[in-house]
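I opened the notebook today to look around this chain one spot at a time. Here is what I looked up, in the order I got to it.

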Amino acid sequence: MAQKKGFDYIIVGAGSAGCVLANRLSEDPNISVCLIEAGKKDTSLLIRMPAGVGGLIKQENAQNWGFWTKPQAHMDGRKLYWPRGRGWGGSSSINGMIYIRGHARDYDQWRQTGLTGWGFSDVLPYFRKSEAYEGGANEFHGGEGPLHVSESPLQDSLYELFVKAGVEAGYKQTSDFNGPQQEGFGPYQRTIREGERWSASFAYLRPIEKERSNLTILSTALVSKVVFRGGKAYGVEVVAKKGAQPETIHAEQEVILCAGAVQSPQILQLSGIGPADEIRKLGVTSVVDSKNVGANLQDHLDVTVIHEMTQKASAYSKQSGLKKYAVAIKYLMTKEGPGADNFLQAGAFLKSREGLDRPDLQLHLVNAMMRDHGNYDYKRDGFTIHSCQLRPESRGTVMIQSDDPFEHPAIDPNYLATETDRITMRESVKMMREIAGQDALSPLRGNEALPGQAVQTDEQIDAYIRTYGETIYHPVGTVAMGIHDEDPVDGDLRVRGVDGLRVVDASVMPTLIGGNTNAPTIMVAEKAADMIRGIAPPVPAEVEIAA
């Protein structure tokens with residue numbers, strides 16, 4: 001087995017969290033950092049051009065792992081497609097670029113379980129530290145961070161009419177989903193800067209890749225496992241390709257897994273940290289019997305209502321046929337036009353029933369007819385309203401299927417396992433239909449393509465959700481932090497049972513936050529960087545939040 005020189009810190013995965021940690025840890029010139037990524041550098045035009053998101057999520061490619069779930073027992077036995085980012089920036093390089101933090105009570109709930117330092121007042125300073133909000137700094141937003149956040153311009157009438165329709169239907173309106181009131185209809189903030197996707201790579205990694213001699217970046221290198229000596233993480237084994245001889249890279253201080261909610265538990269299990277009986281059956285020597293590594297999987301299940309349009313005003317008419325070449329040329333020359341749009345400029349956070357202390361549904365409006373992650377091509381103008389349940393009760397698992405690091409793990413989100421989840425998703429379809437039927441949208445609204453007028457009863461709606469529901473790409477919780485011995489990591493994100501090993505990514509979130517998970521993952525990494533470097537946390541930020 002070949003061996004390379006050691007580093008102080010090894011970071012596994014150049015996704016959202018890994019890019020942050022590579023930047024923050026290498027700020028100290030006396031610290032040597034090695035960032036290891038299984039994918040390539042993010043040079044694709046589809047990544048830089050916001051409109052390229054459709055091509056990035058459709059299928060497995062150089063930027064997308066293209067996972068599939070196990071057959072889902074409560075969704076007619078379907079296997080669901082799971083896009084996840086591969087390469088610099090991770091999923092922040094293929095996501096919809098929506099900047100959402102979740103509700104303040106999501107983090108206060110973490111603190112109430114005993115996770116001191118993880119309440120909203122504790123994490124808000126880290127959100128602000130990471131952010132360069134185009135509106136400037138205020139009590140909720142940061143103005144000078146690496147991650148550029150812009151306001152959606154709502155330049156197409158569809159978005160404005162959608163917000164008006166929500167108000168007509170009796171819902172609230174809000175100007176800032178990341179401000180004092182999340183609930184209501186309004187514009188999304190986006191990680192787009194001057195017409196370009198502003199991923200974690202562009203925010204944190206690209207600016208320093210050639211400037212810091214203490215940072216080494218290894219691309220197209222798969223970490224097969226963590227190596228231990230004397231109960232401490234000694235380093236990692238890296239394999240360039242299947243069948244190649246592994247190399248060991250040594251970490252003097254810590255190994256930090258930032259591989260995400262699917263692959264961080266996979267690497268831990270391959271390294272002997274996981275349910276001991278299960279991994280032994282697959283030929284892996286148990287190091288720590290940690291039964292909850294790979295458990296507690298949570299994800300936002302998504303369902304849509306899709307309408308045709310009476311006017312040629314959607315992404316289809318702007319980009320179909322030969323027009324796509326004109327769009328690309330204009331984008332390359334000016335960074336403007338349809339190529340600079342993610343077609344996700346407006347949405348909503350709503351309560352599915354009375355008595356809730358925060359919204360439990362999130363709506364995304366897409367200025368296109370979008371089905372099956374864009375793999376089904378309608379070839380006509382239309383719009384799609386997405387809804388996801390923000391805090392599902394269902395829990396699933398991620399588990400290795402062999403000791404081969406190149407084999408994808410078994411992913412079982414266990415969607416719709418509880419009656420509450422089924423009722424909430426059913427109600428969301430009714431709410432989306434009510435909103436789509438408002439007078440405000442009548443100038444653009446055509447026939448309902450899905451679910452279609454034949455779907456009316458609760459039983460029919462439930463069947464529609466089972467048949468057409470998909471992930472909206474927010475898995476968390478598979479290496480959850482907590483205060484109990486059975487929790488895989490503690491509140492400082494250290495793996496229990498060994499020394500010198502942490503996990504820093506969405507997998508450590510004990511529960512899903514109410515919104516898109518990219519911004520919270522970046523926050524977790526900003527906070528972890530201070531923990532690792534021994535920097536005192538900032539003074540908590542006390543702000544007023546509406547229910």
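Entry 1: I started with arginine 101, which is buried because its relative accessible area is 1%, under the 20% cut-off. A reminder to myself: this is a predicted model. I found arginine 101 in the loop between strand E5 (81-82) and helix H4 (104-112). Which residues does arginine 101 contact, leaving aside its neighbours within four places in sequence? I noted Tyr107, Leu124, Phe127, Glu131, Phe140, His141, Asn178, Ile513 and Pro520. I also looked for a polar partner, and the side chain of arginine 101 makes a polar contact of 3.2 Å with the side chain of tyrosine 99.

**Entry 2: aromatic rings.** Two names from that contact list, Tyr107 and Phe127, turned up again when I looked at rings. Ring pairs join Tyr107, Trp110, Trp118, Phe120 and Phe127 in a cluster. How many aromatic pairs are there? The count comes to 13. I then picked out tyrosine 171 and phenylalanine 185: their ring centres are 5.9 Å apart and their planes are at 40°, so I wrote this pair down as tilted. The two are 14 residues apart, and the pair links distant parts of the chain. Tyrosine 171 sits in the loop between helix H6 (157-168) and strand E8 (184-187), while phenylalanine 185 belongs to strand E8. I checked burial too, and phenylalanine 185 is buried, with a relative accessible area of 0%.

**Entry 3: charges over rings.** Next I looked for arginines over ring faces. Arginine 193 lies over the face of tryptophan 198, 4.9 Å from the ring centre. I noted arginine 371 as well, whose charged end sits over the ring of tyrosine 376 at 3.9 Å from its centre.

Entry 4: I kept one background point in mind: in soluble globular proteins, nonpolar side chains tend to be buried together. The largest nonpolar core here has 83 residues, and Leu21, Val236, Leu501 and Val504 have the most contacts inside it. Which helix gives this core its largest share? I found helix H14 (residues 518-533), with eight residues. Apart from this core lies another of 68 residues, among them Ile100, Val163, Met431 and Ile465.

Not counting residues up to four places away in sequence, valine 504 touches Ala17, Leu21, Ile256, Leu257, Cys258, Leu493, Val524, Ala525 and Ala528.

Ala17 and Leu21 are both in helix H1, where they are buried. Is H1 enclosed or open? I counted 10 of the 10 residues of helix H1 (residues 16-25) as buried, so the helix is largely enclosed by the rest of the structure. Among the buried residues of H1 I also noted Ser16, Asn23 and Arg24.

**Entry 5: aspartate 505.** I moved on to aspartate 505, in the loop between strand E26 (501-503) and H14. Aspartate 505 is buried, with a relative accessible area of 3%. Its contacts, not counting residues up to four places away in sequence, are Ala17, Leu257, Cys258, Ala259, Gly260, Ser264, Thr521 and Val524. I looked up polar partners as well. A polar contact of 2.4 Å joins its side chain to that of serine 507, and a polar atom of the aspartate 505 side chain lies 3.2 Å from the backbone nitrogen of alanine 259.

Entry 6: Most residues other than glycine have a negative phi, and most peptide bonds are trans. With that in mind I went looking for exceptions.

- Leucine 154 has a positive phi, near 50°; I found it in the loop between strand E7 (147-151) and H6, buried at a relative accessible area of 17%.
- Threonine 220 has a positive phi of about 50°; it lies in the loop between strand E12 (215-218) and strand E13 (222-229) and is partly exposed, with a relative accessible area of 41%.
- Lysine 335 follows helix H11 and has a positive phi near 60°.
- Leucine 450 and proline 451 are joined by a cis peptide bond, with omega about 0°; proline 451 is in the loop between strand E24 (445-450) and helix H13 (458-468).

Key:
Residues numbered from 1 in each chain as written. Predicted model: local features only at pLDDT ≥ 70, side-chain atom pairs only at ≥ 80, totals over all residues. Heavy atoms only, no water. Core = buried A, V, L, I, M, F, W, Y, C linked by side-chain atoms within 4.5 Å. Buried < 20%, exposed > 50% of the residue type's maximum accessible area, 1.4 Å probe, protein only. Helix = DSSP H or I, 4+ residues; strand = E, 2+ residues; numbered from the N terminus. Contact = heavy atoms within 4.5 Å. Phe/Tyr/Trp six-rings, centres within 6.5 Å; stacked < 30°, edge-to-face > 60°. Lys NZ or Arg CZ within 6 Å of the ring centre and 35° of its normal. Polar contact = N/O pair within 3.5 Å; in protein donor to acceptor, adjacent residues only side chain to side chain.
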